[in-house]
Amino acid sequence: MTDQAVDTSGPAEAAGTEEPAAVEPPRFFGRERELKELRADIERAGLDTMAGRKSGRARVLLIAGRPGSGRTALADELARRLLAAGDYPDGMIRVRLTEPGGGAVPTERAARELLRGLGVAGPPGADADELSEMVREALAVRRVLLLLDDAPDAEQVDPLLPDNPDCLVIATAQGPLTGIPGVRPCTLGGLDAGSAVELLAGAIGQVRITVDPLTAETLAEECGGQPAALVMVGGWLAARPTASVADVTKQLRELPDDTEQSAGARPLARAFRLVHDSLPPTAARILRLLSLAPAGLADAHTASALAGCSVSAARTTLDDFVRLGLLRSDGAEQPQYEVPGCLAELLRALLEDRDRPAEIQLAQARMLERTVRLLQSCRAVTEPEGSPSRRKLAGLPRSLRFPGPEAAAAWLRIRRPALVASARIAVEDGELDTLARRLVAALVRALAAHEGTEAAAPELYGLHGLVLAVAERRDLPRERAAALLNLADLDAGTGRTREALVRYRAALDAGRAAKDPYATGRAMESVGGAYAELGDFHRASDWYGRALAQRLTQGERADEARLYGRLGTVHTYAGRYGEALRNWRAAAAGYRRLGDLPAHARALSEVARVQEYAGRPQESLQTCREAVEWARQAKDLRLQAALELRLADTLDRLGDPAAAGLHRGAAERLLGEERAAYEIRSATTEN
């Protein structure tokens, strides 16, 4: 990067369509001795084996070192060599165990990341113990390499260890993981002088090293042999072809040390300060604001919103940061940039020191607002042409529009960790609750549109929990009721019926507090459904009756008919056939008034079923014939065939096998017609 100001003008690129810049991938230097030791340690006997019994768990290799020592790069290189040798045919899964802010990643979230990498869906709302057990079960039949990056302590690592000696775990940490047996830490210091100089030469070319090799070694010593510091200094020199190695060495020496930091951390801090202070003011501000990037992940839109510049200018600046060693890039078509963990704390401290709190909050608000608009665009692109959402989408700036649903889905998939982290951070901050609520709502809709509610359920569970947190903090009973209903539905869908019941009752209280008839009615009906699932049909009918009474006062006929049917079902299960018949007939009448012929036919078929249970086969036969006629008028071949089969079964019980055979034949013909119609429709669609 030169000393010119960042260009904030020029046309913005459409979301997800920017051409990737050519950023050279990082090369690995040195550490051959450590790599040999780690390879040997894989085969070496562990403590369990030495005690006379074979280990039942995966081997753990620990690479320990301070931030910036290259521990993650060494773990990556070891993993690359092991995978290239075919030692772990099921591949590698990486999970970071420390947040950019320094906090430990919850075990539940880390386990979900592992399950997602294994292609296993963790149930929504499952706790850490259940998810950890699922991880162990999934890894029991695989030969996988796990890379657990930046582990804060053994308690974070232990629940994720596979009970399979064919798997291998590579963990990186600042110190030992006391409590995990058989772990021999490979502790990293600085690079040897030769490797450090080679790393510098890779960035600035061999000529400047050859001119003054002794000064190059001195520079490596000033950087403490730390790869992160050497990469930044090399990037600084590469951006200044006329500067010599002696120039940068002198400038590094003149920078004051931060006495609050340990001696080992000072070389990295000095190298970072050298690069930051040499940036143009606009670029330096963008760099500091990247400490606000959720999960330490940014793209051009994130930087553009934080700095208030164009997307193309932000993209150019981010690529310059990569060349300076300040960021990492995944090199994808839609590039995502990562703030290295060793720089996150330095950036955050510098932001708090150089920028006013009001400016920081404004930048964060701009970033959240941009994210909301991108999510709205991401969902709208899935709507049909001419729909209100698509018309609204056409009015957005080109930089916020996606070329099509595929590009939007790809963006959502790549940015998903950052988007979820953004929602979580916004809610935890507490200062931007209105924006946080909009962000969560937009993310929920985008996930549902692209992945479907069922597939996105684990992520949606956490998002609804965030909505609930804001609603309780701001005393918003309507939002609280909606969040509780959504969470309870997901609980019920995964078999946690009692937990769902508690939330449905809480949603009912919140709906009443908000004087929201929809939430109140929905909660009462759901409470009834939960009691029915638990087999308490008396309470279920009571709550369905309360919900029905409310619907009757509001004249909601479709809901009335549905609730009559639910009452008929629970009365049938309870053996109260008289009540069941009365409610199913009311449901059938309601559907007939609504003109819903298929639903009317199905309700009549349930009347016939109850009549049969009640020991009135002749009445059941007559009602079933009536239902068949309504199904025929509705042109529902599948329903008509099912009713013909029920007629056949009833006639068999009445001792008329000949008539039963006729109805079974009619059912087979109807199913054949339906299959033929489906094949014709499929062929038409393909053509």
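**Figure 1. Surface and overall make-up of the protein chain.** The model shown is predicted. Its protein chain contains 31 helices and eight strands. Taken along the principal axes, the box filled by the C-alpha atoms is roughly 105 × 70 × 55 Å. The chain has 687 residues, of which 50% count as buried. Of the contacts between residues at least 6 apart in sequence, 64% join residues that are at least 24 apart. Charged side chains number 89 positive and 97 negative, and the centres of these two sets lie 4 Å apart.

**Figure 2. The largest nonpolar core.** This core has 64 residues. Those with the most contacts inside the core are L219, L237, F272, L290, F321 and L326. Helix α10, which spans residues 227-238, gives the core its largest share, seven residues. In soluble globular proteins, nonpolar side chains tend to be buried together.

Figure 3. Not counting residues up to four places away in sequence, F272 touches M232, L287, L326, L343, L346, L347 and L350. L326 is also listed among the residues with the most contacts inside the largest core. Another core lies apart from the largest one and has 60 residues. Among the residues of this other core are V570, A631, L639 and A648.

**Figure 4. Cysteines C186 and C309.** The count of disulfides in the model is zero. C186 is in no disulfide, and the nearest cysteine sulfur, which belongs to C342, is 18 Å away. Are C186 and C309 buried or exposed? C186 has a relative accessibility of 7% and therefore counts as buried. C309 counts as buried as well, because its relative accessibility is 9%.

Figure 5. T623 is part of helix α29, which covers residues 617-634. Because its relative accessibility is 10%, T623 counts as buried. Which residues does T623 contact, leaving aside its neighbours within four places in sequence? They are L604, V607, A608 and Q611.

Figure 6. Helix α20 runs over residues 433-451 and includes L439. The relative accessibility of L439 is 0%, so this leucine counts as buried. With neighbours within four places in sequence left aside, L439 is in contact with L368, T371, V372, L375, S422 and A423. L463 is 24 residues away from L439 along the chain, and the C-alpha atoms of the two are separated by 9.9 Å.

Figure 7. L83 lies in helix α3, made up of residues 71-84. Is L83 buried, partly exposed or exposed? L83 counts as partly exposed because its relative accessible area is 30%, and buried means under 20% while exposed means over 50%. Leaving aside neighbours within four places in sequence, the contacts of L83 are Y88, G91 and M92. V144 is 61 residues from L83 along the chain, with 9.6 Å between the C-alpha atoms of the two residues.

Definitions and conventions: Residues numbered from 1 in each chain as written. Predicted model: local features only at pLDDT ≥ 70, side-chain atom pairs only at ≥ 80, totals over all residues. Heavy atoms only, no water. Helix = DSSP H or I, 4+ residues; strand = E, 2+ residues; numbered from the N terminus. Buried < 20%, exposed > 50% of the residue type's maximum accessible area, 1.4 Å probe, protein only. Contact = heavy atoms within 4.5 Å. Lys, Arg positive; Asp, Glu negative; His and termini not counted. Charge placed at Lys NZ, Arg CZ, Asp CG, Glu CD. Core = buried A, V, L, I, M, F, W, Y, C linked by side-chain atoms within 4.5 Å. Disulfide = S-S within 2.5 Å.
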